[in-house]
Amino acid sequence: PHDYLHLVPQEIRRSLGQYMTPSPIARYILRAAGYRAEEGILAKRLCDPACGSGVFLVEAVRTYLQALNEAGIPVGQWYPKVAASVLGIDVDPIACLYARFNLSIVLAPALLSWAAANPRRSPEPLPIFEKDTLSSVAAEMEEPGIVESPAPEPRLAGELDLVVGNPPYCK
């Protein structure tokens, strides 16, 4: 995955707790959490609540694509399945942009195949949201009537099978 943190001043990175997780560590954490192609992950939904440039999401999608391939699912059906199975959230809009970019690179063959099979439809956007995850979960868990607006999208509480990631680091 392409990282953008070298473009962000160190003061800003520190204030947001942004640090790049190497891909091998992300793969290790995903495997340790049971996110493996051979573990029946096709029916599971995974979230990285502080996704940054999408290192965990890219590794999760690679694993998910392997599971789709092993299950014999045609490539033209892969993109919508992936879009429904992963979710990324970050407070930094630039991080969200890079996460979408990195996922798009991994998903390019699947997206092109889907587009060829569905020429009159636009694909659903990749589920990367610029939000504060903790505030979103807190708003979802409020008692009805206390919060004036409806629960924020995406829904998080009770909707996920795995939550993985590298938490923000703060002193």
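Biologist: Hi! Quick one to start: is Asp92 buried or exposed?

Modeller: Asp92 is buried, with a relative accessible area of 9%. Buried means under 20% relative accessible area, exposed means over 50%, and partly exposed is in between, using a 1.4 Å probe and protein chains only.

Biologist: Before I go on, what kind of model is this?

Modeller: This is a predicted model, where local features need pLDDT of at least 70, side-chain atom pairs count only at pLDDT 80 or more, and totals for chains, interfaces and linings use all residues. Residues are numbered from 1 along each chain as its sequence is written, and side-chain values use heavy atoms, with hydrogens and water left out.

Biologist: And what is the mean pLDDT of the chain?

Modeller: The mean is 83, and 80% of the residues reach 70 or more. pLDDT is the predictor's confidence in each residue, from 0 to 100. Among the elements, helix α3 (residues 55-70) has the highest mean pLDDT, 96, while helix α1 (residues 10-16) has the lowest, 65.

Biologist: Nice. How many helices and strands are there?

Modeller: The chain has six helices and four strands. Starting at the N terminus, the order is α-α-β-α-α-β-α-β-α-β. Both come from DSSP runs numbered from the N terminus: helices are H or I with at least four residues, strands are E with at least two.

Biologist: Back to Asp92. Where does Asp92 sit?

Modeller: Asp92 is in the loop between β2 and α5. A polar atom of the Asp92 side chain lies 2.9 Å from the backbone nitrogen of Ile94. That is a polar contact: a pair of N or O atoms within 3.5 Å, where within protein one must be able to donate a hydrogen and the other to accept it, and residues adjacent in sequence count only if both atoms are side-chain atoms.

Biologist: What about Asn118, buried or exposed?

Modeller: Asn118 counts as buried, because its relative accessibility is 18%. Asn118 is found in the loop between α5 (93-117) and β3 (128-130). A polar atom of its side chain is 2.8 Å from the backbone oxygen of Trp114.

Biologist: Switching topic: which residues have the most contacts inside the largest nonpolar core?

Modeller: Those are Tyr35, Leu46, Val61, Leu65, Val82 and Ile128, in a core of 34 residues. α2 (23-32), α3, α4 (78-85) and α5 each supply at least two residues of this core, and α3 gives the largest share, ten residues. A nonpolar core here is a set of buried Ala, Val, Leu, Ile, Met, Phe, Trp, Tyr and Cys residues joined through side-chain atoms within 4.5 Å.

Biologist: What is Val82 in contact with?

Modeller: Leaving aside neighbours within four places in sequence, Val82 is in contact with Val61, Tyr64, Leu65, Leu68 and Leu107. Contact means heavy atoms within 4.5 Å.

Biologist: Now α2. Which residues in α2 are buried?

Modeller: Ser23, Ala26 and Leu30 are buried in α2. They cover an arc of only 60° around the axis, so they sit on the same side of α2. The arc is that of the directions from the helix axis to the C-beta atoms. On the other side of α2, Pro24, Tyr28 and Ala32 are exposed.

Biologist: What covers the buried residues of α2?

Modeller: The cover includes β1 (46-48) and α3. Just after α2, Gly34 takes a positive phi of about 90°.

Biologist: And α6, which residues are buried there?

Modeller: Thr133, Ser136 and Glu140 are buried in α6. They line one face of the helix, because seen down the axis of α6 they fall within an arc of 65°. The buried residues of α6 pack against β2 (86-90).

Biologist: Last one: what does Pro154 touch?

Modeller: Not counting residues up to four places away in sequence, Pro154 touches Leu87, Ile89, Phe129, Lys131 and Glu140. Pro154 is in the loop between α6 (133-140) and β4 (162-163), and it counts as buried at 4% relative accessibility. Pro154 and Phe129 are 25 residues apart in sequence and 7.8 Å apart in space, C-alpha to C-alpha.

Biologist: Great, thanks!
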